[in-house]
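Have the structure open and follow along.

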Amino acid sequence: MKILLANKYFHPAGGPETLLFDSMEKLQSLGHTVIPFSMQHPKNLKSEYEEYFVSNVDYNNHSRLPWNMAKSTFRIIFNFEAKKKMEQLIKDTQPDIAHLHNIYHQLSPSILLPLRKYNIPVVMSLHDFKLVCPNYTFLRDGQVCEECEGRHFYKAIKYKCVKDSYLKSTISAVEMYLHKLFKIYESNIDRFIVLSQFSKERFVRYDLPEEKIILKTEFEKIYNGKLQETLDTIWKQY
């Protein structure tokens with residue numbers, strides 16, 4: 001089976017990448033073909049698919065010139081380059097399934113559109129709370145904060161929740177309002193994989209479709225040589 005794995009970093013950068021490379025190794029050991037999709041970076045591991053990776057961008061150090069900032073902001077919301085390269089990768093490799101990890105900002109949900117266009121089943125591992133919280137964590141000043149509940153994302157601007165910056169908080173709030181308005185994640189992802197029952201309850205409370213959420217433990221058969229059985233079960237109603 002051909003499995004497309006998408007993550008914005010293709011080098012060790014944090015927890016999502018650790019899980020990404022672990023899953024790649026396990027899937028390949030079971031005889032599956034793994035097709036990575038990511039962003040270009042000097043630290044990247046070598047890949048025969050790197051020609052499809054999107055251009056590198058560092059949002060922590062990008063230019064503050066108005067035009068460059070506007071361009072970067074739009075790319076966060078919708079990355080046309082990522083959409084184009086994802087479509088070409090699909091045409092050239094014809095994957096059976098796509099498993100997304102951390103795609104926010106550098107890749108953006110623009111990659112979901114070609115996956116839907118070519119009827120590729122899509123699952124996404126939620127390593128944090130980015131889909132419902134502008135700063136990913138439900139924390140503000142070291143305390144639990146859920147003031148954005150009910151899609152009140154403007155509260156992130158009020159409190160400068162994203163890196164203590166009005167600008168970055170505004171960009172994140174606008175990003176979330178637009179993605180929620182068009183239901184781009186909810187409409188184009190078949191299953192969301194969450195790490196715990198607590199996470200599942202939080203995502204459901206914040207309007208992620210409960211019927212699309214599964215616990216990681218329920219999905220781990222994918223690493224036990226039962227990939228097709230797992231997929232048949234998950235998408236039996238599709």
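## The largest cavity

Sorted by class, the residues lining the largest cavity are four nonpolar, one polar and four charged. The classes work like this: Ala, Val, Leu, Ile, Met, Phe, Trp, Tyr, Cys and Pro are nonpolar, Asp, Glu, Lys and Arg are charged, and the others, Gly among them, are polar. The lining itself consists of Tyr104, Lys130, Leu131, Glu175, Met176, His179, Lys180, Tyr185 and Glu186. Two elements, α6 (166-181) and α7 (184-188), each give two or more residues to that lining, and α6 has the largest share with four residues. Elements here are DSSP runs numbered from the N terminus: helices are H or I with at least four residues, strands are E with at least two.

This is a predicted model, so local features need pLDDT of at least 70 and side-chain atom pairs count only at pLDDT 80 or more, while totals for chains, interfaces and linings use all residues. Residues are numbered from 1 along each chain as its sequence is written, and side-chain values use heavy atoms, with hydrogens and water left out.

## Volumes and the second cavity

How many cavities of 30 Å³ or more are there? The count is two. A cavity is a set of points, on a 1 Å grid over the protein atoms alone, where a 1.4 Å probe fits but cannot get out, and lining residues have an atom within 4 Å of a point. Grid points are joined across faces, edges and corners, and the volume is the space filled by probe spheres set on the points.

Around the second largest cavity you'll find Cys133, Pro134, Asn135, Phe138, Leu139, Arg140, Cys145, Glu146, Glu147, Cys148, Ala156 and Cys161. That lining splits into eight nonpolar, one polar and three charged residues.

## Rings and charges

There are 10 aromatic pairs in the structure. Rings of Phe, Tyr and Trp (its six-membered ring) pair if their centres lie within 6.5 Å; planes under 30 degrees apart are stacked, over 60 edge-to-face, and the rest tilted. One of the pairs joins phenylalanine 74 and phenylalanine 80, stacked at 6.0 Å centre to centre with 10° between the planes. Phenylalanine 74 is partly exposed at 45% relative accessible area, and phenylalanine 80 is exposed at 52%. The cut-offs are under 20% for buried, over 50% for exposed, and partly exposed in between (1.4 Å probe, protein chains only). Elsewhere, Phe129, Phe138, Phe203 and Tyr206 make up one aromatic cluster.

Charges sit over rings too: the charged end of arginine 140 is 3.7 Å from the ring centre of tyrosine 159, and lysine 160 lies over the face of tyrosine 166 at 5.0 Å from the ring centre. The test is NZ of Lys or CZ of Arg within 6 Å of the ring centre and within 35 degrees of the ring normal.

## Backbone and overall build

Most residues other than glycine have a negative phi. Histidine 105, though not a glycine, has a positive phi of about 70°; this residue is in the loop between β3 (97-100) and α4 (112-117) and is buried at 13%. Arginine 151 is also not a glycine, yet has a positive phi of about 65°. Its loop runs between β6 (143-144) and α5 (155-158), and arginine 151 is partly exposed at 33%.

The chain has 10 helices and eight strands, and 51% of its 238 residues are buried.

Notes:
1 Å grid on protein atoms, 1.4 Å probe; cavity = no way out; pocket = protein on both sides within 12 Å on 5 of 7 lines; lining within 4 Å.
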